[in-house]
Amino acid sequence: MKILFIRGGALGDFIVTLPTVRLLRQRWPDAHIEVLGYPRLSEIAFQRYYVNAIRSVDHGPLSAFFMPQAVLDPAWMDYIGSFDLVLSYFYDPDGLFLVNLQRCKPGRILTHSPRVPENFGRPAARHFAGIVEPLGLALADDAASDLFPSPDDVDAARAFLTGLKPGTRLVAIHPGSGGETKNWPKESWARLGRRLIAAAPDLALLLIEGESDAEPAQFILEAWKDLPHQRARWLPLPILAALFKEKETALFLGHDSGITHLAAASRRDLPVIALFGPTDPVVWAPPRPGVRVLKGVPTLKDLPVEEVFQAALALL
């Protein structure tokens, strides 16, 4: 059985779709499952239980698949036609992508909207799992995602922690997300870090910095320069997942973001605090016990530092 999983979107979108891939893996344990998407994101699943191969969607000839009566690249037609099952979440309002997929003649094609309906009222993972309902597959009670770092990922994470004082508990903080309205002010993160270190001397802060987090990260690092802290800057996602899985990581705090989903999927007993602004946590918060949502009213910038501090102390 060869299955092609076509998935665009951001990191969080990919992670909340992993329960669907899990259903396919459980149904066909020996299947070859391939992802056509963004390799930097899908690497967290590549040869880590879910996926056997990944291929980049950023390839010029693939753009013809979104055009009417296009001349399709023969190599791409052969590639797609080699699969027994193709599942696509690409946004395709005119149906052009589907028509061109059909021209490649794979065994079966299933498509699903990448957009969660308004007022969905359930975890987003349940929307994305709808694509496999025609196969008789459905999520049961558990809609949470899980990640399985490789031994190399674990070794790299432990190397990162070399030098950490024995007995130190790390509080991991990611101050970014996909949009400014979803971010707590950098000044609040800076104050929270100081409060936590003052309250518990066995703590150290771990700042998670992605490529788009340079400005708040620099501000926070300057504010924490006299505090025990480490900086995880641009770590590959599988290594970051392994870092969250290590026992030294005692708590994660972040926004409605892909990194928050990564942390929650890395270790089911890792306490997670997710700060939410305009988005619906019923849909977009990681759906597992141990994830506490704090929502700012009327906006996230109005969420008091004291409230986050007390929530963190309770989980620590």
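**Entry 1: Terms and model**

Two strands are taken to pair if DSSP finds at least two bridges between them. I note at the outset that the model I consulted is predicted.

**Entry 2**

I then recorded the strands concerned. Strand 6 (residues 169–173) pairs with strand 9 in the parallel sense, over four bridges. Strand 9 and strand 10 are likewise joined in the parallel sense by four bridges. I asked how many residues of strand 9 are buried. The count is seven of its seven residues, and strand 9 is therefore described as mostly covered.

At one end of the order I examined strand 7 (residues 203–209), which pairs with strand 8 in the parallel sense over five bridges. Within this pairing, leucine 206 has glutamine 230 in strand 8 as its bridge partner.

**Entry 2: Helix 10 against helix 11**

I turned to the contact of helix 11 with helix 10 (residues 237–245). Their axes come within 8 Å and cross at roughly 50°. Helix 10 and helix 11 are therefore oblique to each other. I recorded their crossing as right-handed. From helix 10, the contact is made by Leu237, Leu240, Ala241, Phe244 and Lys245, and from helix 11 by Ile259, Leu262, Ala263 and Ser266. I sorted the residues of this contact into seven nonpolar, one polar and one charged.

**Entry 3: Alanine 241**

Is alanine 241 buried or exposed? Its relative accessibility is 3%, so alanine 241 counts as buried; the cut-off for this class is under 20%. Leaving aside residues up to four places away in sequence, alanine 241 touches Leu147, Pro149, Leu262 and Ser266. I noted leucine 147 in particular: it is 94 residues from alanine 241 along the chain, yet their C-alpha atoms are separated by 7.4 Å.

**Entry 4: Helix 8 against helix 13**

Last, I looked up a second pair of helices. The axes of helix 8 (residues 186–199) and helix 13 (residues 305–315) come within 10 Å and cross at roughly 40°. Helix 8 and helix 13 are therefore oblique to each other. The crossing of helix 8 and helix 13 is right-handed. Which residues meet here? Helix 8 supplies Ser188, Arg191, Leu192, Arg195, Leu196 and Ala199, and helix 13 supplies Val305, Glu306, Val308, Phe309, Ala312 and Leu313. I divided the residues of this contact into eight nonpolar, one polar and three charged.

Methods:
Residues are numbered from 1 along each chain as its sequence is written. This is a predicted model: local features need pLDDT of at least 70, side-chain atom pairs count only at pLDDT 80 or more; totals for chains, interfaces and linings use all residues. Side-chain values use heavy atoms; hydrogens and water are left out. Axes are lines fitted to C-alpha atoms, for helices over the stretch in contact, and angles run from 0 to 180 degrees between N-to-C directions. Angles under 35 degrees count as roughly parallel, over 145 as roughly antiparallel, 65 to 115 as roughly perpendicular and the rest as oblique. A crossing is left-handed if the near helix is turned anticlockwise from the far one by less than a right angle, and right-handed if clockwise. Contact means heavy atoms within 4.5 Å. Ala, Val, Leu, Ile, Met, Phe, Trp, Tyr, Cys and Pro count as nonpolar, Asp, Glu, Lys and Arg as charged, and the others, Gly among them, as polar. Buried means under 20% relative accessible area, exposed over 50%, partly exposed in between (1.4 Å probe, protein chains only).
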